[in-house]
Amino acid sequence: MAGCSQEAEQPAETESFANPVYEPVLADPSIIQAEDGDYYAYGTEDAWGDDSDTKLVPISRSTNLIDWEFVGEAFEEKPDWKTAGDLWAPDIQFYNDQYMLFYSLSLWGDSNPGIGVAVAAGPAGPFEDKGKLFTSEEIGVDNSIDPFFYVEDEVPYLAWGSFHGIYGIELSQDGLTTVGEKFQLAGEDYEAPYIIERDGFYYFFGSKGSCCDGQDSTYHVAVGRSENFKGPYVDREGKTLLDNGGTTILSSDEESKFAGPGHNSVIKDEAGEDWLVYHAIEKADPLLWTGASRRPLMIDPIIWEDGWPAIEGGQPSEEQIPVPVME
């Protein structure tokens, strides 16, 4: 099985791999190639193995995007600016010569979740919490989770949201406070925004459906594009994402080994090729011992066709496929 957290690094001559690349779980993955050249992936707070304590944003490291090892937790203690909540859906960025980790603090069904930010000198942390950016009530957007940080023309922004509209807002130059008024990027069908720029277009990746119903999860990834970071984003048929349009590029059907693929990031290999990094649920082993959905780490190459991203077959790969290119 590729990518077990206890296995040694994959030999350089290995030419193929099969999903998943990290188990038992790394949900809602955010990924970065750090200044040391290694890749680091960060996930939602979960408990696995014999440890009853949840890991406060687990961090895993890889040299090749295929073989991963658990290196620790982002936080030594849970942020306390909210009386109750779990650390969900982190977003890692290198900005202002430091690693910035944006995170959601929420409970299932929380009436007032919020988003905070922490900083560290290195990608493995520990991260120093800088507190909240805002709560849902303060920003005026229900279910304010799933942050994504982006710099456009030297201006930092945060995009966020979960099934009550995807929004963006300018941040201060240090990335620690909001500036100005929020603007809407996509409709209420979406959560987990992720945006990249390529060949003059901005591509919005978002997840639709249910993330966490085990083998019955309906999560899937849809895309729109725009000539401007703030939108409007439209799908391949021209329907705006504000009206919940979106071209589906990754989903699963009844025959698939996996259910609920989604909440993606994007990373380049050493050849400059894009890879979709996401979680999915193995139907044959869908739950953690806690009863939570078991969402291991997956990767698949992005195919660019006529200016649009696609995944081979539109579903998570199950067979051996070529490894990412590494120097």
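Visitor: What is the basis of the values and of the residue numbers?

Guide: The model is predicted, and local features need pLDDT of at least 70, side-chain atom pairs count only at pLDDT 80 or more, while totals for chains, interfaces and linings use all residues. Residues are numbered from 1 along each chain as its sequence is written, and side-chain values use heavy atoms, with hydrogens and water left out.

Visitor: What makes Phe75 and Tyr103 an aromatic pair that is edge-to-face?

Guide: Rings of Phe, Tyr and Trp (its six-membered ring) pair if their centres lie within 6.5 Å, and planes under 30 degrees apart count as stacked, over 60 as edge-to-face and the rest as tilted. The structure holds 23 aromatic pairs, and for Phe75 and Tyr103 the values are 5.4 Å centre to centre and 80° between the planes, hence the name edge-to-face. Phe75 lies in the loop between β5 (69-73) and β6 (86-95) and Tyr103 in strand β7 (residues 98-106), so this pair ties together parts that are 28 residues apart in sequence.

Visitor: Why is the pair of Trp81 and Tyr103 called tilted?

Guide: The ring centres of Trp81 and Tyr103 are 6.3 Å apart and their planes stand at 40°, so the pair is tilted. Because Trp81 lies in the loop between β5 and β6 and Tyr103 in strand β7, the pair ties together parts that are 22 residues apart in sequence.

Visitor: What makes Lys55 a charge over the ring of Phe70?

Guide: A charge sits over a ring if NZ of Lys or CZ of Arg is within 6 Å of the ring centre and within 35 degrees of the ring normal. The charged end of Lys55 is 5.9 Å from the centre of the Phe70 ring, and Lys230 lies over the face of Phe183 at 4.9 Å from the ring centre. Phe183 also belongs to one aromatic cluster, with Tyr150 and Phe229 among its members.

Visitor: Why do β18 and β21 stand at the edges of their sheet?

Guide: Strands (E, at least two residues) are DSSP runs, numbered from the N terminus, and two strands pair if DSSP finds at least two bridges between them. The open sheet has the order β18-β19-β20-β21 with antiparallel pairing. β18 (258-268) and β21 (308-311) each have a single partner strand, so one side of each is left without a neighbour in the sheet. Strand β20 (residues 297-305) and β21 pair over 4 bridges.
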